[in-house]
Amino acid sequence: MKKINYGKIYTAPLTMWITFFFVIPTSIIFLYSFLKKKLRGGVLWEFSIDGYTALINQSFFKVVWFTVVISIFATFLTLLLAIPTSYFIARSKRKNLYLFLVIVPFWTNFLIRIFAWISILGNNGFLNNMLLSLGIIKSPLMLLYNQYAIIVVTVYTYLPYAILPLYSTIEKFDFSLLEAARDLGASKLQSLFKIFLPGIRSGIMTATIFTFIPALGSYAIPLLVGGQKSFMIGNLIARELKVTMNWPLASSMSVVLTVVTTIGIFIFLNTNKNKSELKNEN
Amino acid sequence: MKKNVLLFMVLSAFILSGCKDGKSKLYIFNWSYYIPDTVLEGFEEEFNTKVVYDVFESNEEMFAKLRAGGTGYDITFPSGDYASIMINEGMVAKVNRDLVPNLKNIDENIIRKIKYDPIMDYSIPYMMGTAGVAVNTKFIKDFPKDFSIFEREDFKGRMTLLDDMREVIGSALASLGYSVNSVNESELRQAKEVVLKWKKNILKFDSASFGKGFASGEFWVVNGYAENVFLELDEDTIKDVLYFIPKNGGTMYLDSMVILKDSKNVELAHQFINYIHRPEVYAQIADYLMLPSINVEARKIVKEIPTYTIEDLANNEFKEDLGSNIELWDKIWQEIRVQN
Amino acid sequence: MRTNSGINKRQISLVVFVSVILFFYIPLLVLILYSFNSGKTMVWRGFSLQWYEELFFHSSDLWSAFRSSLIVALSSSFIATAIGTIGGIGIHWYKFKWKKYLQIVTYLPLIMPEIIIGVSLLIMFAWLKWKMSLFTIFLAHTTFNIPFVLLIISSRLDEFDYQIIEAAHDLGAKEIDTLLKVIIPMSIPGIISGFLMSMTLSLDDFVITFFVSGPGSSTLPLHIYSMINRGVFPVINALSTVLIAGTVLLSVSSKNIQKYMFK
C-alpha cells in the first residue's frame, strides 16, 4: 500500500492561497513594470522599460533618499528607546503590568494614534495652546506637517513592535555573563557593547525589521502629518495608481521599494552575521 | 469560556442586525459635502430605498477608483473635463430624457456652454462653481485679492492649496494670463515656477480638510470650494471671512450627474436625477451649498444669497479634457510635489 | 563601584521607561480629555457629552463601517487560522516536494511593506475585473493574516514532542484521528493566539484595505481615515475614547485574552 503524503494534503490550501493571493499578484506587478502604460489606466501588452526610465530623474531619487533617511532615523530612535525600556521591564518585578501598559497603545487603532498627534502638534493643537497660555511662546510653533512630525509619529507607532521582541530576548539573557565580564576586568561600556548587545542580537534584529520595513513603506503617516514637502515612496506609488493612473510606473516603483527593502534586510542580516562570527572566533 | 460564547453572540447579533431589509439600494459616488443629508433622506423616504453614499476629493481619484474595480456605483458627479472623458471612454449610460422631465428647469444659457454633451445625452448638470480663495480677515487685514496672496511670507504655514493639479496649475496659468487648459510646455514651466513660489509658504496641499481647518482657525488662507468653507462656519465666524475669485480669471467647473454603464438600478438613478432638479429640492441644495442655482425655477425660491453669482465667473474658464497632454501636466505636477 | 554602576543602569532604564510610558499615554489622555470638551477645537470650553451623543446617535455610517470591520475580521481570522493551523502542522512534521518553496514564500508577506501587498492585489483584482467589495477586503486580510498564524502555530508546535504522534500512530490511530484528537487539542493555545492576533491585525489594517475597498464597503479604519482627512475632529476624540476603553476593558476582564496575547 502506498503511503499517502499527508504533508501535501495539509499544506494544499495554504499553498494555493499564498500562490494565488501573494505570489501571483506580486509577479503581476513585476510583469506590469515592463509593459507600456495605457492612457487613463491599465496597460498595453507591449514590452517597454518606460516604467524604469521614468524613475531615472532627480525627483524620484530625492523621494527614495528622503524615505530611507526618515526610516533610518525613526528606526534608530525606536531602538534607542526600546532597548532600555525592555531591559527595565525584563528586570522588574511587575512584568505583566508593564507589558500590559505597552500593549494598550499597540492595540489602539493605528489611525487613532496618528490622530492623537495631529491634535497635539497642530497650529491650534494641545501643545501650542498650552505654551501660549503659559506665556512661553507668543505665536504658535509649526510642529505638524513636516519631516519631524513623520519621525515622531513613526516612532510612536512602531515602538511597541520593537519593545515586545526585545523584551522576550532580554528576558532570556543570562545576566551572570555581565558579572563575569566585569570580574574579568571589562569596563561598563565594554560589557555593554561586547556582551549585552550581541547577546540580545536576535531581539534587536526583529525589532529593527518590524520598524524599518513598515517605515520604508509608509503611506498613511506622511499623508496625514507630512505636509507639503513630505512625499515618501509609498505616497508616490499610491499617487501613480490612484491619481495619474500610470500602472507600469506604480509597478516599477513597487519593484524598487521591494528591492530597497530586501537590500536593507540583507545588509542588516549580513553585518549581524559577521559580528556573530567575529564573536565566535574570539 | 461562557464569557467568550456570550461575547461571540453579542457580536453576531450586532453584525446580523445590519442585514435586515430587502430594499433596493442606490449607490452614489460624490464629492464630499455636496448634497445635504436632508435631501438624501427625503429621497430615501419618498422612493422607499436606501442610498449608499461614498465620497471622493478629486476627479482623478473618482475616475481611478471606477477604473480599478470600483464598479457597482449607479451615479457619480464628474466635472466637465472628466464627464467628457467618461463619455468618450464609454463608461456612462445614455440618459432617457423622458424619465427626467425636470430637465426643463435647467438654465439654457448654461447648457449652451457644454461642448462635450450639448443636448444632455449622457450628463445632467448639477452645479457650477469655482475654487477661489477664502481669507480669515480676523488675522489678515491687508492682502491682494488674487493668487499672489500665496506669495506672502507673513502668512507662511497658515495657507493651503487644493491637492488638485487642474485647479492649482490652472490658477497659476490664469495668473500669468494663459488659458487654464494650456498644453504649451513653456507656459506650463512658467506656471510651475509660480506654484513653487506658493508652495514655499503653504502648509500642505489639501482637498479634504481645508474647510474645517479654516473654520477652526488652523488655516487662515485656503484655496478651495466655497461651500466646503462656508458649511463649517457659524454666525459668529462668518463675518470674518472674505471669499474671493481672482479678477484675472481662473478655473471653473460644471459638475454633472452621470449614470454609470454597469448601474443595476437605472430606473432609480433616473428618478434620483429628476428628484434633484425638482425646484424645491434643488433650492434646498443651493441654499445648503450657498452656490448659484442653475435651476431656473429654484432661483425663485432660494433663501440664501449665494457666495458668488454666475456673473462673477465671467472671466473664468471651464476645465477641458486635455487628452494625452495630461501626461505633461502629470509630470509637471509631480515635479512640483516632490521638489523641496 | 559595581553596585554604583548597577544603580546607574537601573536609573537610566527607569528614566527611559517612564518617558516611554508618558510618550505612549499623554497623546491618548489628551484625546480622552478633549472628547469631553464642549468646543470644537483644542481650546477647553467646558465639560460636555455632546460628541458622545453625536457618536452614538448620529453616526450611522460609522457604525455600519464598524460592522463591516467585524464581518471581515471574524471571517478572515477564521479562514486564516484554519488554513494556517493545518498548513503549519503539515510544514512542521512532514516532508514533501514544495516544502522549501512554502517555507520561504509564506514568510515573505511578513517582511514585505504593506503597500506592496495592497498595490499588487489591487492590480490583480482590476486585471481579473473583480468587483471591489467586502469580499476582496476579506481575501486581502486573510492573505496577510495567514503568515502570522503560521508563525504562532509553528512556535507552539516546536514546544512539543513528535514522539507523542508516533505513539498515537503505533497504537493504531488513523491519521485523521491523530490530527483531531492529539495534534489540534495540543495546539489550542496557539490556535487561539493566532486567531486573536488575526482579529487585531484585521481590525487595525488601513493601508491594504484602502487599496481593495469598493462601493459602500468602508471598514472602521477607512471611515476614521476619512473623518481625520475631512477634519471631523471632536467626534473622533469620542470614538477614540470608546475604542481605548473597549480595548482596556476587554483585556482586563478576560484573563484568557491576556494570556494568549502576551505569549
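The model is predicted: local features need pLDDT of at least 70, side-chain atom pairs count only at pLDDT 80 or more, and totals for chains, interfaces and linings use all residues. Residues are numbered from 1 along each chain as its sequence is written, while chains are lettered from A and ligands numbered from 1 in the order in which they are written.

**Positive phi in chain A**
- A:Met245 is not a glycine, yet its phi is positive, about 60°.
- A:Met245 sits in the loop between α12 (233-242) and α13 (247-281) of chain A; helices (H or I, at least four residues) and strands (E, at least two) are DSSP runs, numbered from the N terminus.
- A:Met245 is buried because it has 23 C-beta neighbours inside 10 Å.
- The classes are buried (20 or more other C-beta atoms within 10 Å of the residue's own), exposed (12 or fewer) and partly exposed (in between), with C-beta atoms placed from the backbone.

**Positive phi in chain B**
- B:Asn48 also is not a glycine and has a positive phi, about 45°.
- The loop between α2 (37-46) and β2 (50-56) of chain B holds B:Asn48.
- B:Asn48 has 9 C-beta neighbours inside 10 Å, so it counts as exposed.

**Chain B against chain A**
- On chain B, 24 residues are in contact with 19 residues of chain A; contact means C-beta atoms, placed from the backbone, within 7 Å.
- Elements of chain B giving two or more residues to this side are α3 (59-67), β7 (202-205) and α14 (326-338).
- α14(B) provides the largest share, five residues.
- By class, this side of chain B has 10 charged, seven polar and seven nonpolar residues.
- Nonpolar covers Ala, Val, Leu, Ile, Met, Phe, Trp, Tyr, Cys and Pro; charged covers Asp, Glu, Lys and Arg; the others, Gly among them, are polar.

Conventions. Two residues are in contact if their C-beta atoms, placed from the backbone, lie within 7 Å.
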